[in-house]
Amino acid sequence: MAPNPTDSTDVRVAGVGMTPFESDSGRSLTDLAATAAEEALADAAVDPADVDALHFGNALAEALDESAGLANALAAALGLDGASADRIENTSATGASAFHRGVEALRGGDAETALVVGAEKMSAGDTRDVTEAISRLVHRREYAQGLTLPSFGGLAAGAYLDRHDAPREALAAVAAKNHGNAVDNPVAQFRKSLGVEDALDSPVVAAPLRLYDCCPMSDGAAAVVLSRAADADDDAATADTDRPPAPRVAGIASATGTHAVAERPDPLSIDSVRTAGERVFDRAGARPADVDVACIHDAFTVLELIELEELGFYETGTAWEATLDGDTALDGELPVNPGGGLKARGHPLGATGLSQIVELVWQLRGDLPPSRRVDGAETGFAINVAGFGNNSVCTVLRA
């Protein structure tokens with residue numbers, strides 16, 4: 001792939017905001033989005049009149065709420081008169097794709113300050129409607145055969161355990177770790193600790209995956225303000241002279257993979273994850289070993305293990321051992337999903353990718369209490385995945 005000459009432009013995350021993720025927020029989609037956006041603008045000390053571009057990520061509004069024109073409605077709610085505005089959709093990687101669009105707008109010279117918002121109101125539909133909408137994220141032929149994302153998750157989990165001679169406890173340990181990380185996260189959907197035995201004893205969803213191996217349906221929103229380096233530093237200094245510089249977007253990259261899972265030569269090889277990871281580390285001038293904290297797309301517990309291996313954090317077939325050894329715990333060698341991940345923080349499709357960025361910014365700025373802070377973190381990594389690896393977006397942030 002041709003190099004991206006604009007990656008040298010210094011884009012920083014000047015402010016972040018996020019609503020709690022809940023099973024039913026009782027709020028409208030626009031209200032959720034506006035709340036997160038206003039919090040991010042206040043955090044960046046940026047006036048709405050200074051926003052040049054709005055990028056709004058949402059995946060399911062038409063399917064669940066019969067809503068359209070979302071970016072325009074949000075711009076009006078925030079008073080962003082004159083700003084450019086668009087809506088981005090990339091299934092479960094919508095949030096990261098919106099973030100990518102905002103970074104490109106600054107690097108391409110289209111904007112000096114961009115507001116990126118992701119929101120989803122999954123409670124707008126009943127369980128059957130949401131299940132149907134998400135089921136259609138797979139290839140049309142696979143959908144016609146009744147295959148769903150949990151089906152693929154179960155098949156991948158069984159193959160992973162068999163191929164690498166891993167115990168079922170390895171998957172349960174991912175769930176227990178991420179639930180434990182969410183206990184002290186005030187915006188997480190599930191703030192109750194979970195033991196390995198609890199995960200092992202939960203109801204079967206798609207064998208060997210059980211209920212606690214799967215992320216929930218959620219309402220919620222997250223937002224970030226992107227600025228060029230000088231603007232971000234000036235705003236931060238104005239807001240708080242003791243505040244550290246805004247984290248820099250060291251690299252961002254996306255890639256597609258084989259859409260139909262059945263056509264992949266290896267069900268445990270996710271090309272989009274591997275390719276996007278290689279690209280982002282190349283663009284950031286970094287290696288997996290340089291990462292201090294990672295947000296991994298754990299829609300199913302097995303995906304955390306597979307993605308860690310595809311990205312080069314661990315050799316193939318070893319991420320489960322690292323998890324059981326505590327390497328991915330909050331105080332481990334590579335803390336993974338310190339905010340609870342999709343598994344416990346929640347997974348409102350349009351907001352998830354941005355919630356990962358918000359978590360990394362909090363970690364890199366040192367904003368968090370000791371109980372859930374990765375001390376001294378300077379480099380953060382996030383991956384947001386569409387479908388079952390059809391498309392992946394990776395980001396590297398540096399303090």
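Which residue meets Arg-287 in a salt bridge? I looked that up before anything else. The model is a predicted one. In it, the side chains of Asp-290 and Arg-287 meet, with N to O at 3.4 Å. Asp-290 is partly exposed at 29% relative accessibility. Arg-287 is exposed, with a relative accessible area of 52%.

**Entry: other salt bridges**

I asked how many salt bridges the structure holds. The count is 18. I then picked out Asp-266, which forms a salt bridge with Arg-163. The closest N and O atoms of that pair are 3.0 Å apart. This pair links distant parts of the chain, 103 residues apart. Asp-266 sits in the loop between strand E8 (248–256) and helix H11 (271–284), while Arg-163 belongs to helix H7. Asp-266 is partly exposed, at 23% relative accessibility. Arg-163 is also partly exposed, with 46% relative accessible area.

Next I took Asp-375 and Arg-373. Their side chains form a salt bridge of 3.0 Å, N to O. Asp-375 counts as exposed at 59% relative accessibility. Arg-373 is partly exposed at 25%. I also noted a network: Asp-10, Arg-12 and Arg-248 are joined by salt bridges that share partners.

**Entry: the cores**

Which residues have the most contacts inside the largest nonpolar core? I found Tyr-160, Phe-300, Phe-313 and Phe-381. This core has 58 residues. Helix H7 (residues 149–163) gives the most to it, with 6 residues. A second core is separate and has 41 residues, including Val-13, Ala-53, Phe-99 and Leu-360. I set a general remark beside this: in soluble globular proteins, nonpolar side chains tend to be buried together.

I looked at helix H5 (residues 127–135) as well. Its buried residues are Val-130, Ala-133 and Ser-135. Their cover includes helix H2 (61–65) and helix H6 (140–144).

Is Arg-168 buried or exposed? I read 16% relative accessibility, so Arg-168 counts as buried, the cut-off being under 20%. Arg-168 is in the loop between H7 and helix H8 (169–182). Its side chain makes a polar contact of 2.3 Å with the side chain of Asp-213. Beyond residues up to four places away in sequence, Arg-168 touches Leu-161, Leu-200, Pro-208, Leu-209, Arg-210 and Asp-213.

Pro-208 made me check the backbone there. A cis peptide bond joins Ala-207 and Pro-208, with omega about 5 degrees. Pro-208 lies in the loop between E5 and E6.

I moved on to Val-204, in strand E5 (residues 204–206). Leaving aside neighbours within four places in sequence, Val-204 is in contact with Leu-209 and Arg-210. I also took a C-alpha distance: Val-204 and Ala-253 are separated by 36 Å, at 49 residues apart along the chain.

**Entry: a surface patch**

Which residues form a nonpolar patch on the surface? I found Val-205, Leu-211 and Tyr-212. Together they have about 240 Å² of accessible area. Tyr-212 is in the loop between strand E6 (209–210) and strand E7 (219–228). Tyr-212 is partly exposed, with 31% relative accessible area.

**Entry: Cys-215**

I found Cys-215 in the loop between E6 and E7. Cys-215 is partly exposed at 22% relative accessible area. Not counting residues up to four places away in sequence, Cys-215 touches Ala-299, Leu-342, Lys-343 and His-347. The C-alpha atoms of Cys-215 and Gly-341 are separated by 8.8 Å, although the two residues are 126 apart along the chain.

**Entry: positive phi**

I noted two residues here. Ala-45 has phi near 55 degrees, a positive value in a residue other than glycine. Ala-45 lies in the loop between helix H1 (29–44) and strand E2 (53–57). Ala-45 is partly exposed, with a relative accessible area of 39%.

Asn-337 is not a glycine, yet its phi is positive at about 55 degrees. I placed Asn-337 in the loop between helix H13 (319–324) and helix H14 (341–345). Asn-337 is buried, with a relative accessible area of 1%.

How values were computed:
Residues numbered from 1 in each chain as written. Predicted model: local features only at pLDDT ≥ 70, side-chain atom pairs only at ≥ 80, totals over all residues. Heavy atoms only, no water. Core = buried A, V, L, I, M, F, W, Y, C linked by side-chain atoms within 4.5 Å. Buried < 20%, exposed > 50% of the residue type's maximum accessible area, 1.4 Å probe, protein only. Helix = DSSP H or I, 4+ residues; strand = E, 2+ residues; numbered from the N terminus. Patch = residues over 30% accessible without salt bridge, like charges linked within 9 Å, V, L, I, M, F, W, Y side chains within 5 Å. Areas by Shrake-Rupley, 256 points an atom, 1.4 Å probe, with all protein chains shown as cover. Salt bridge = Lys/Arg side-chain N within 4 Å of Asp/Glu carboxyl O. Contact = heavy atoms within 4.5 Å. Polar contact = N/O pair within 3.5 Å; in protein donor to acceptor, adjacent residues only side chain to side chain.
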